[in-house]
Amino acid sequence: MQDTQKSYTTAIILALIALIWVSPFSWLAVNAVNPEADGSLSWPNSVGFQNFAEAMSGQAGGQFMNSLFLSILTSTLTVIIAVFAAYPLSRLKIPGRNAFLWALVLLRMLPATGVIVPIFFTAKSTGMLNLVGVAIAITMLNLPFTLLLLKNFFDTVPVELEEAAYSEGASFFQIMRNVMLPMSRAGIAVVWFFSFTTAWNEFLLPLIFVRKTADFPMSVGLFASFGEHSSVNYGFLASYSILYAVPAVAVYFLLRRNLNTGFAGVGVKG
Amino acid sequence: MSGVSLRNVRKSYGNHEVIHGIDLEIDPGDFIVFVGPSGCGKSTLLRMIAGLEGITDGTISIEGNVVNDVPSPQRGISMVFQSYALYPHMTVQQNMAFGLKLRRTPIERIKETVGAAAKSLQLDSYIDRFPKALSGGQRQRVAIGRAIVREPKVFLFDEPLSNLDAALRNQTRIEIARLHRSMDATMIYVTHDQIEALTLATKIAVLKDGVLQQFATPDEIYNRPANVFVAGFMGAPPMNLIDGTIEETADGELHIRLARKELGDVLIPLKNVPEHRKRLGQPVVFGLRPEAISLAAESSDASLSKIECKIDYVEVTGADRITVCDFSEGRMFARLPAGADVSEGDQVTFHFNADNISLFDKDTGLRIESAQNA
Amino acid sequence: MLASAHPWLKRDWPLLVCLSIPAILAVGLLLYMAGWVLVMSFTDLSLFGRKATEWSFIGLENYERLFTRRGFLESLWVTVIFTFFSSIIGQNILGFVLAGTLRNQPGLLRSSIESAVILGWVLPDVVAAFLWSATFTPNGLVDLAILQPLSIETRNLINDHPLLIVILANIWKGTAWSYILYSAALDSVPREVSEAAKVDGATPMQRMFFITLPMIKSHIATNCLFITIGSFVYFPLIFALTGGGPGTKTQVLSIFVYNESFSVGKLGYGSAISVAMLIIVAIMSIFYVRLLREPK
């Protein structure tokens with residue numbers, strides 16, 4: 001009896017936490033569907049999707065494509081580079097490799113705002129002050145962490161599987177494709193997700209790299225429009241925010257199963 | 001008063017019943033083994049006695065007290081888990097002392113009890129080690145030590161030997177038997193290994209699909225299995241089970257005609273008793289232990305029954321030679337002495353004593369009790 | 001190294017080397033950039049003006065300024081408060097409590113709360129900043145739902161309690177990470193071990209403190225390492241939400257670096273702050289790695 005009561009109380013408290021957690025979204029929701037949104041939290045007089053239409057067309061729509069381009073380029077680059085480098089790191093007994101990797105990860109802890117100065121100058125002198133430059137910069141900054149992560153995942157693949165594949169005459173690429181990659185799917189999912197979302201969310205690099213509004217990814221586009229306080233189009237901002245958030249959220253929930261195992265691996269292996 | 005008593009114990013998960021009303025009376029000091037194939041409910045039953053699973057219906061009592069609603073720690077039981085479940089962050093000493101500490105036993109007393117248990121299990125030189133620095137056998141002993149120090153009325157073992165290698169398993173089995181003799185506590189032991197069951201138990205409970213098949217001494221289980229399932233499950237190789245029909249000869253004697261065309265026309269004499277006579281013409285299952293079979297050449301006693309068959313396979317196990325005859329359905333095993341001169345492909349004549357057989361009803365699978373068993 | 005390697009690695013080692021080149025280049029580039037920051041920190045290089053071209057080495061002057069000029073120590077203090085309360089206290093404890101309680105909840109409740117918490121985590125920083133500023137404006141959610149019913153005068157909450165709101169925002173955003181990690185950690189505790197403790201007579205609280213927590217100690221240290229460092233160098237949400245203000249009330253170090261480098265234009269000084277941050281992070285890492293080390 002007491003137990004059921006206790007579990008009811010827990011359930012109600014938990015539901016309340018969830019409610020508080022999602023409550024900030026209420027503002028976003030009511031303003032996005034209100035064609036006359038004024039930025040206040042009130043029931044819209046009418047509901048319509050004009051805001052979304054506006055946020056998907058013209059420059060705003062282009063910024064969506066910019067973000068997509070940036071994120072896909074970054075995640076593809078990161079996964080390919082990291083997979084091929086993590087494999088020898090995992091399988092060859094390179095002396096001091098762990099200390100080396102941890103040192104790199106530590107280096108990555110250099111505040112992005114600090115290391116951005118040399119990155120900016122390098123990009124400027126090589127004519128890379130554009131989204132490709134941003135993608136390369138993010139890849140470089142994320143590489144130590146992704147290398148360490150993938151190496152740890154590769155470490156858990158039993159070497160016997162590779163031995164079996166080798167004795168059956170598999171080439172290096174066949175071993176990779178048929179043994180290593182499927183066996184460390186969760187790790188690759190984490191790396192891909194991690195680099196995709198970092199790029200999708202990245203704010204500082206494009207803020208400094210990209211000057212033209214048409215080239216902005218959505219993070220900077222959103223910041224730029226709500227930084228201008230004069231006459232804010234709240235309906236546009238809210239629907240733009242939703243459009244910006246959806247891919248990041250969707251990517252997580254699509255990969256959820258893989259990611260949860262992957263993150264568990266991160267936790268266990270540090 | 002009984003040690004542990006189960007009355008019509010049931011367990012359901014939702015609408016799915018996994019234990020279908022089990023009654024067991026376990027005498028104090030007995031060593032009971034629950035045995036059965038995986039999924040038969042033996043572990044669930046043990047965990048219900050331990051208080052780790054709720055009881056859907058029926059009662060479980062320990063030393064006369066109903067414990068259905070008594071929390072696990074107050075039931076006076078100790079449990080040894082399959083994975084040993086040692087606390088990885090505690091030393092051997094701390095592992096054994098944990099339960100005593102929780103019940104606020106004086107420190108001096110804890111030291112004494114743990115020290116004595118460690119000594120009797122030859123763990124005294126490892127007392128400050130962490131579990132991961134121990135071998136499998138040592139971990140096993142720590143788990144047993146942890147169970148001993150609480151001085152329980154009932155010990156529960158959940159497949160404790162399944163993670164050990166063969167040599168260690170035999171050795172630990174003997175240690176557990178010795179432990180039982182020195183403790184006088186009731187022990188309940190779950191295993192799927194029928195050798196463990198036969199060697200350790202004072203009484204065996206054979207379970208299948210959540211139903212108790214037979215509860216009896218190892219001898220009885222082995223020689224007088226209650227049904228076809230028990231006959232086929234206990235013993236390696238298992239009891240040979242061959243279909244047949246009870247018939248009457250012209251002179252009024254009874255026999256079984258075996259329905260295996262590979263064996264030719266075999267008639268096995270049956271005692272002329274009412275239990276058999278009333279089943280005239282009915283299908284039965286004829287059961288014969290592999291060791292009850294011998295090669296015809298070894299003795300030509302006319303009172304023995306004969307079976308002829310072709311040997312398809314010979315398994316050499318050292319002390320024995322196990323021959324296998326494959327039938328279109330099923331097979332027949334015979335356990336012959338190591339010196340037996342048999343090889344694959346031989347056509348041989350087997351002898352066996354028809355006084356030492358089991359008979360089961362073909363439809364119900366139940367044993368037909370008669371005087372014709374050992 | 002190669003002598004003991006597996007035969008297929010020996011067979012393919014030129015290929016392995018070739019395929020590693022991009023990673024080696026990227027890592028080399030990163031090291032080069034870091035070296036650049038270190039060198040800059042000893043100069044008076046400026047983003048604009050005369051010092052942008054005619055800079056010179058000034059020794060440890062930038063580092064002396066960290067302690068003599070106003071700014072760095074105040075900013076460090078803000079960062080420490082922000083990091084401690086939002087990660088160690090907020091995300092860490094809330095994540096653990098959620099992971100512990102949600103395990104025993106029915107699937108629907110569990111997955112909806114999980115989704116709510118994770119929604120905050122995967123939300124882009126700029127959108128999160130946008131939401132949080134809207135939530136705390138006059139006539140925003142907090143004002144309408146809490147302040148007005150209690151007849152508390154409507155005020156600009158972000159101006160009055162900027163650090164608190166930034167901390168709350170970071171808890172809201174980052175708890176999912178701790179939650180996911182602790183869920184996995186709790187799953188790693190074998191069921192039989194906690195059952196053994198139950199049979200031994202441990203209450204749920206005792207099981208938590210004597211069994212579960214010690215067993216997931218390394219997960220706790222790993223998680224704390226991740227989230228403290230993450231919060232210590234966190235930039236976008238705070239920048240987009242308050243820009244470090246009002247005044248310098250939420251000027252954490254990462255924003256301080258940004259302001260010194262790009263608004264004030266003192267790249268040398270900004271680099272020195274970066275290096276100082278790196279040293280602090282390194283010290284924290286060593287501390288946690290020590291905690292991770294198992295007793296002999």
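**Reading the chains, the core and a sheet**

Reply: Let us begin with the chains. Chain A and chain B do not touch, and their nearest C-alpha atoms are 13 Å apart; two residues are in contact if their C-beta atoms, placed from the backbone, lie within 7 Å. This is a predicted model, in which local features need pLDDT of at least 70, side-chain atom pairs count only at pLDDT 80 or more, and totals for chains, interfaces and linings use all residues. Residues are numbered from 1 along each chain as its sequence is written, while chains are lettered from A and ligands numbered from 1 in the order in which they are written.

Me: Which chains have the most contacts between them?

Reply: Two pairs of chains touch, and the most contacts are between chains A and C.

Me: How many helices and strands does chain A have?

Reply: Helices (H or I, at least four residues) and strands (E, at least two) are DSSP runs, numbered from the N terminus. Chain A has 13 helices and zero strands. Its C-alpha atoms fill a box of roughly 70 × 70 × 35 Å along the principal axes. Of its 270 residues, 47% count as buried, a term that requires 20 or more other C-beta atoms within 10 Å of the residue's own, with C-beta atoms placed from the backbone.

Me: Which residues touch the most other members of the largest nonpolar core?

Reply: A nonpolar core is a set of buried Ala, Val, Leu, Ile, Met, Phe, Trp, Tyr and Cys residues joined through C-beta atoms within 7 Å. The largest one here has 271 residues, of which A:A82, A:L147, B:L156 and B:I188 touch the most other members. Helix α7 (residues 131–155) of chain A gives the most to this core, with 16 residues. Leaving aside neighbours within four places in sequence, A:L147 is in contact with residues including A:A82, A:L101 and C:A23.

Me: Why is one side of β15 and of β16 in chain B left without a neighbour in the sheet?

Reply: Two strands pair if DSSP finds at least two bridges between them. In chain B, three strands form an open antiparallel sheet in the order β15-β20-β16. β15 (293–295) and β16 (305–310) of chain B stand at the edges with a single partner strand each, so one side of each has no neighbour in the sheet. Six bridges join β16 to β20 (residues 347–352) of chain B, and B:C309 stands opposite B:V348 in β20 of chain B.

Key:
Buried ≥ 20, exposed ≤ 12 C-beta atoms within 10 Å, placed from the backbone.
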